[in-house]
Amino acid sequence: MTTATPDTGQVASAAHVAPANLPLRKRPFDIVFVVMFSLFSLTCIISDAIPALGIPQTATTTNMLAQWNYTYSSQYDPLYMHEPLWLRFITGTSAFIYLPFYVLLIVCLVKGFNWIQLFSVIYATMIISLTAIPIFGVEFFGPVGERTPNPVVFLLYNGPYVLVPLLLLIRMRKPMPFTRRF
């Protein structure tokens, strides 16, 4: 089948026509991504902004978000409670770079904007290599005072932050991701 393009009048074959994007309802895994990245947006504000801004996480703090962070970190994540400088850079990246990306990604997932593919690959690679490896490395193999006392609970809280970007990386493995279900 051939068609003439209205702007140039040239004949194009159907083989060169890009397939149409599937509506979101036909991409159920993208709905899961929308939900997860919406939750990640909230945790960027609740968790990552506190150490990035240098707000003290103590038992006596009057800041509700810092208190929530203290409750979590004092029981399951001593590294997060100690806030080393390198971790503040990572949480700052999450709070001030990943958060706007999450909002953009959610819009692109809902609207089916395929151009987000490259940025999704960059983001997922950054999360896995620049966040997960150092943090999980210290939490499981670091000094005794920085290791998690409860690896199962730590993984339940933090595992999705690595697993979901890994799945996004797989989802975005081929061009035109929104023209297929996964």
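## Surface and model basis

Accessible areas come from the Shrake-Rupley method with a 1.4 Å probe, and for residues only the protein chains shown count as cover. On this basis the accessible surface of the protein chain comes to about 10200 Å², with 72% of it belonging to carbon and sulfur atoms.

The model is predicted: local features need pLDDT of at least 70 and side-chain atom pairs count only at pLDDT 80 or more, whereas totals for chains, interfaces and linings use all residues. Residues are numbered from 1 along each chain as its sequence is written, and side-chain values use heavy atoms, with hydrogens and water left out.

## Overall architecture

The protein chain holds seven helices and two strands; helices (H or I, at least four residues) and strands (E, at least two) are DSSP runs, numbered from the N terminus. Along the sequence the elements follow the pattern β-β-α-α-α-α-α-α-α.

The C-alpha trace spans about 70 × 30 × 25 Å along its principal axes. The radius of gyration of the protein chain is 21 Å, while a compact globule of 182 residues would have a value near 16 Å; the radius is taken over C-alpha atoms, and the globule rule is 2.2 Å times the number of residues to the power 0.38.

Buried residues make up 38% of the 182 residues, where buried means under 20% relative accessible area, exposed over 50%, and partly exposed in between (1.4 Å probe, protein chains only). Of the contacts with a separation of 6 or more, 62% join residues 24 or more positions apart, a contact being heavy atoms within 4.5 Å.

Two salt bridges are counted, each defined as a side-chain nitrogen of Lys or Arg within 4 Å of a carboxyl oxygen of Asp or Glu. Aspartate 30 pairs with arginine 27, the closest N and O atoms being 2.6 Å apart. Arginine 171 also forms a salt bridge with aspartate 30, here with the closest N and O atoms 2.9 Å apart. Arginine 171 lies in helix α7 and aspartate 30 in helix α1 (residues 28-52), so this pair ties together parts that are 141 residues apart in sequence. Through shared partners, the salt bridges join Arg27, Asp30 and Arg171 into one network.

In helix α6 (residues 151-158), Val153, Phe154 and Asn158 are buried. These residues cover an arc of only 115° around the axis, which puts them on the same side of α6; the arc is that of the directions from the helix axis to the C-beta atoms. An α-helix has 3.6 residues a turn, so residues three or four places apart point the same way.

The cover over the buried residues of α6 includes α2 (64-76), α5 (116-141) and α7 (160-171). On the face turned away from the buried side, α6 carries the exposed residues Val152 and Leu156.

## A nonpolar surface patch

Val103, Leu104, Val107, Phe113, Trp115, Leu118, Phe119 and Ile122 make a nonpolar surface patch of about 730 Å². Patches are made of residues with over 30% relative accessible area and no salt bridge, like charges being joined within 9 Å and nonpolar side chains (Val, Leu, Ile, Met, Phe, Trp, Tyr) within 5 Å. Both α4 (85-111) and α5 supply at least two residues each to the nonpolar patch. Phenylalanine 119 is found in helix α5 and is partly exposed, with a relative accessible area of 43%.

## Individual residues

Serine 73, in helix α2, is buried at 0% relative accessibility. Not counting residues up to four places away in sequence, serine 73 touches Gln57, Pro78, Tyr80 and Met81. Proline 78 lies 9.5 Å from valine 144, C-alpha to C-alpha, although the two are 66 residues apart in sequence. Valine 144 belongs to the loop between α5 and α6 and counts as exposed at 66% relative accessibility.

Positive phi values in residues other than glycine are also present. Glutamate 83 has phi near 50°; this residue sits in the loop between α3 (78-82) and α4 and is buried, with a relative accessible area of 18%. For methionine 176 phi is near 55°. Methionine 176 is placed in the segment after α7 and counts as partly exposed at 31% relative accessibility.
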